[in-house]
Amino acid sequence: MAIALSLAVVVALVTAGSQARVGAGVYYDDGVYLALGRALAEGHGYVYSNLPEPVPGVKYPPAYPITVAAAWKVLSSYPENLRALKGLNALFIGAAAAVTFLLFAEGGRRRLVILGLVTAFAYLTVPTLSVSTVLLSEPLFMLFCMLALLAAGRALGGARRLPGYPAGATTESVPVGGTGSALAAGLLAALGFLTRTVGLTLVATVVVALLLRRRFRAAALAGAAALIPSAAWVVWSSLRAGDVPGAIAGQYGAYGMWLSTGSGAESGAGPLRRFGEIATANWGPFIDTLEFVWIPRSPSIASGFILLVLAAAAVYGAARVARRNLALALFPAAYLILVFVWPYEPYRFFYAMLPILTLLVAEGLFEGLPRLRQDLPRWGLPVAVVAGGILGLNTLEYQVRGHVNRAWESSQTIPASAYAPLNNWIRTETEPGTIIASGLDPYIHWETGRPTLPSWEFLADDYGRYDRTPEVLSAGLDSILTRFRPAYVALVRGENKAAATLEAFAALHPERALKVFESEGVAFPGVIYRVAAPGEVIPPNPR
């Protein structure tokens with residue numbers, strides 16, 4: 001327990017000290033979570049307060065915005081409360097690290113110390129810090145996941161090596177938990193789902209694990225505890241999904257409607273073929289993420305071989321873990337399967353699973369190396385120790401260098417720097433109620449106070465490709481102009497579909513698009529256009 005408490009403190013303190021001085025919205029979702037939380041705190045309901053009109057928050061499960069709202073009630077207003085709000089995530093990620101350690105903790109003192117160090121490493125890598133130092137829901141989601149898996153392990157029972165004893169010395173039978181353990185597992189799994197939609201895999205694996213272990217009563221209790229709050233959210237969001245204007249449904253609408261555009265019907269491909277395309281596209285980022293954390297700067301051939309070895313260790317570790325907690329073994333697989341067919345950039349999803357994957361590797365190595373050592377030739381053990389030591393030092397040095405350089409900040413500071421000239425122009429040249437459309441609309445809202453909305457249509461079928469026909473792109477912005485009548489579009493050039501949409505619109509409708517500002521002398525130049533709805537033209541000398 002002392003190691004777990006130490007982990008919670010160290011991880012929380014390091015994460016809190018790693019915050020970048022950047023406003024909300026650079027990750028898009030962080031600005032939306034804050035907008036939902038503010039609306040709740042101020043009594044306006046579960047709506048996006050950054051948009052020009054109230055729109056129900058059907059896309060974002062409510063657990064994290066409710067947490068933000070509760071904190072907003074006792075803290076000063078934005079931006080003074082931003083650092084404290086981010087500090088909540090430091091507490092969540094520290095607690096998640098402690099619970100993760102308890103999930104894997106068993107065996108002798110030396111093993112527990114090593115496991116504690118591995119857990120600290122897993123929670124303090126650059127990718128993990130990139131999502132735990134901003135207002136994203138991953139830290140709370142990871143905490144609920146680990147707590148649910150801990151409760152599920154209690155409900156399942158199983159064999160567990162006694163702390164303080166060496167590997168293979170003795171085990172104890174963990175007694176099967178009662179009603180409380182099953183209900184807690186189900187409720188915590190539901191809270192995971194109510195924090196991030198991908199948490200549906202957590203609910204499924206908790207119930208399936210209990211069924212596979214023939215804990216039928218516990219499975220029914222856990223399923224009921226998970227179903228009631230989860231169903232309430234699904235029903236509410238389904239009933240209100242139609243209230244989201246179609247022009248912004250991609251960014252702010254329900255996932256069910258959004259995914260219906262990514263089945264392959266738009267492109268002529270069938271669903272199975274489309275899922276195959278998505279999985280293929282997501283495989284590269286997955287390997288990149290593992291290499292970045294486990295074996296950075298390794299030659300491609302060596303990297304492939306080492307990843308195979310580590311993957312084998314993770315699978316073996318999962319098999320060993322399944323004896324005492326089947327849910328813990330099944331959850332990463334179910335989670336990754338869903339992520340691989342989800343038509344969205346997968347990096348954040350992978351980052352949330354890195355700690356548990358790393359600890360499964362550690363589990364596999366702990367359990368497998370003593371057996372492999374018996375089969376190695378006399379020279380094999382020294383070679384393995386030297387090779388492992390070199391790899392470990394390389395990884396540690398790389399992550400330390402990342403901490404020294406605060407590498408996780410670049411994903412926040414780069415867009416903040418690019419948008420700074422645009423925000424300055426909007427603050428000085430527009431009235432407070434002026435509606436701004438943008439590729440990063442939540443960030444502009446929190447930096448300028450103006451009501452904002454997206455400037456392009458975000459479709460599930462866009463992932464990995466999108467229709468670049470100027471007429472199609474321009475029609476997306478036209479639908480936004482018709483529905484909301486924003487006065488300006490502000491974005492950074494090169495923002496994929498958002499930038500292509502504005503370029504197409506300006507080329508096809510020059511009478512309705514006039515460039516009024518362009519940033520110069522910056523790495524990522526931005527542009528602001530005055531725009532007009534269909535049937536209108538830009539007035540002379542626009543402000």
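**Notebook: a patch, a threonine and a helix**

I started at leucine 396, which lies in helix 17 (residues 380–404). This is a predicted model, so I'm reading computed values throughout. Buried or exposed, or something in between, for leucine 396? I got a relative accessible area of 48%, so I put leucine 396 down as partly exposed, since exposed needs over 50%. I also found Leu396 in a nonpolar surface patch with Val400 and Val404. That patch covers about 280 Å².

Next I looked up threonine 195. Where does threonine 195 lie? I found it in the loop between helix 8 (179–193) and helix 9 (200–212). Its relative accessibility came out at 0%, so I noted threonine 195 as buried; the cut-off for that is under 20%.

Then I checked what touches threonine 195. Setting aside neighbours within four places in sequence, I listed contacts with Tyr33, Pro61, Ala63, Tyr64, Ser137, Leu140, Phe141 and Phe144. I also saw a polar atom of the threonine 195 side chain 2.6 Å from the backbone oxygen of leucine 191. For the distance to threonine 469, 274 residues apart along the chain, I got 37 Å between the C-alpha atoms.

Last stop: helix 7 (residues 138–156). How many of its 19 residues are buried? I counted 16, so helix 7 is largely enclosed by the rest of the structure.

Technical notes: Residues are numbered from 1 along each chain as its sequence is written. This is a predicted model: local features need pLDDT of at least 70, side-chain atom pairs count only at pLDDT 80 or more; totals for chains, interfaces and linings use all residues. Side-chain values use heavy atoms; hydrogens and water are left out. Helices (H or I, at least four residues) and strands (E, at least two) are DSSP runs, numbered from the N terminus. Buried means under 20% relative accessible area, exposed over 50%, partly exposed in between (1.4 Å probe, protein chains only). Contact means heavy atoms within 4.5 Å. A polar contact is a pair of N or O atoms within 3.5 Å; within protein, one must be able to donate a hydrogen and the other to accept it, and residues adjacent in sequence count only if both atoms are side-chain atoms. Patches are made of residues with over 30% relative accessible area and no salt bridge: like charges are joined within 9 Å, nonpolar side chains (Val, Leu, Ile, Met, Phe, Trp, Tyr) within 5 Å. Accessible areas come from the Shrake-Rupley method with a 1.4 Å probe; for residues, only the protein chains shown count as cover. A salt bridge is a side-chain nitrogen of Lys or Arg within 4 Å of a carboxyl oxygen of Asp or Glu. The expected span of a helix is 1.5 Å times one less than its number of residues.
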